[in-house]
Amino acid sequence: MTRACGVLTLGSVLLTGCATAHGPRRLDDHVTPAPWSRVAQLSPGARIAVATTNASLRDRIFVSADASQVTVLSLDVPSLPASAMHELRDMAARHPNYFAALLTSGALQQGRVRLGRDGLFVSDRRIAALAEVVETLPREAVREIRGPVVARGSLAGAIVGVWLGFSAGVVPGLGGADEGVAYAALLGATTFGGWLGYHWSNHAEEGVVYRAP
């Protein structure tokens with residue numbers, strides 16, 4: 001029973017790993033184009049690089065996207081403290097829908113940082129205008145977006161999954177189950193463990209999210 005519980009616990013860890021690997025799938029860097037629909041799959045607060053028709057790749061923080069535009073936070077604001085950028089990124093991750101309203105009303109504040117129509121303030125000192133911090137880029141102006149994409153699982157992950165599946169699959173046989181039942185349990189658990197381990201080992205790395213035709 002203890003062995004079975006341990007295997008189930010490890011299995012739940014694998015399932016949790018599967019659930020955390022999300023976002024646009026990795027494409028070959030030479031693939032052109034990469035569809036715009038992938039941009040909306042990014043997580044708010046993700047670090048990305050954006051190239052436009054007027055500029056090469058520049059670091060940005062992803063906020064949100066729809067079919068016609070993408071909203072990002074600029075990292076190019078002079079004299080912006082690192083702690084304030086951390087707060088802004090956290091705002092983007094927690095409240096991405098609030099940024100659209102900043103152009104007309106309201107404000108966002110977290111810690112010493114406040115962002116509103118009147119600009120970006122850190123400890124009540126104005127650092128920049130709103131447009132210098134929050135950029136809304138029309139789709140036709142964006143040439144490429146690079147950022148965290150989900151790469152496929154690894155052989156090592158599959159091997160770990162097979163081992164865990166085998167460990168779970170032998171339990172019925174060790175417990176005296178019928179030979180046919182024990183064999184089916186071993187085969188099924190090992191196969192499922194390998195599949196689960198492969199998908200669990202999906203991981204995020206930098207790649208092409210969007211590339212214009």
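I began with the surface. The accessible surface of the protein chain comes to about 11,700 Å², and carbon and sulfur atoms hold 59% of that. Accessible areas come from the Shrake-Rupley method with a 1.4 Å probe; for residues, only the protein chains shown count as cover.

I noted the ground rules. This is a predicted model, where local features need pLDDT of at least 70 and side-chain atom pairs count only at pLDDT 80 or more, while totals for chains, interfaces and linings use all residues. Residues are numbered from 1 along each chain as its sequence is written, and side-chain values use heavy atoms, with hydrogens and water left out.

Next I looked up the secondary structure. The protein chain has 5 helices and 10 strands. Helices (H or I, at least four residues) and strands (E, at least two) are DSSP runs, numbered from the N terminus. Of the 213 residues, 39% are buried. Buried means under 20% relative accessible area, exposed over 50%, partly exposed in between (1.4 Å probe, protein chains only).

Then I turned to helix α2. Which of its residues are buried? I found Ala84, Met85, Leu88, Met91 and Ala92. They cover an arc of only 115° around the axis, which puts them on the same side of α2. That arc is taken from the directions from the helix axis to the C-beta atoms. Ala82, His86 and Arg94 are exposed on the other side of α2. I also saw Arg94 form a salt bridge with Asp90 (2.8 Å, N to O). A salt bridge is a side-chain nitrogen of Lys or Arg within 4 Å of a carboxyl oxygen of Asp or Glu. Both residues lie in α2, 4 residues apart, about one turn of the helix.

I followed the strands next. β4 and β5 pair in the antiparallel sense over 4 bridges. Two strands pair if DSSP finds at least two bridges between them. Gln109 stands opposite Arg114 in β5. Arg114 also meets Asp118 in a salt bridge (3.2 Å, N to O). β5 and β6 run antiparallel too, joined by 4 bridges, and a hairpin links them through 2 residues.

Last, I checked Glu206 and Arg146. Their closest N and O atoms are 3.8 Å apart in a salt bridge. Glu206 lies in strand β10 and Arg146 in strand β9, so the pair ties together parts that are 60 residues apart in sequence. Salt bridges that share partners join Glu144, Arg146, Glu206 and Arg211 into one network. The whole structure holds 7 salt bridges.
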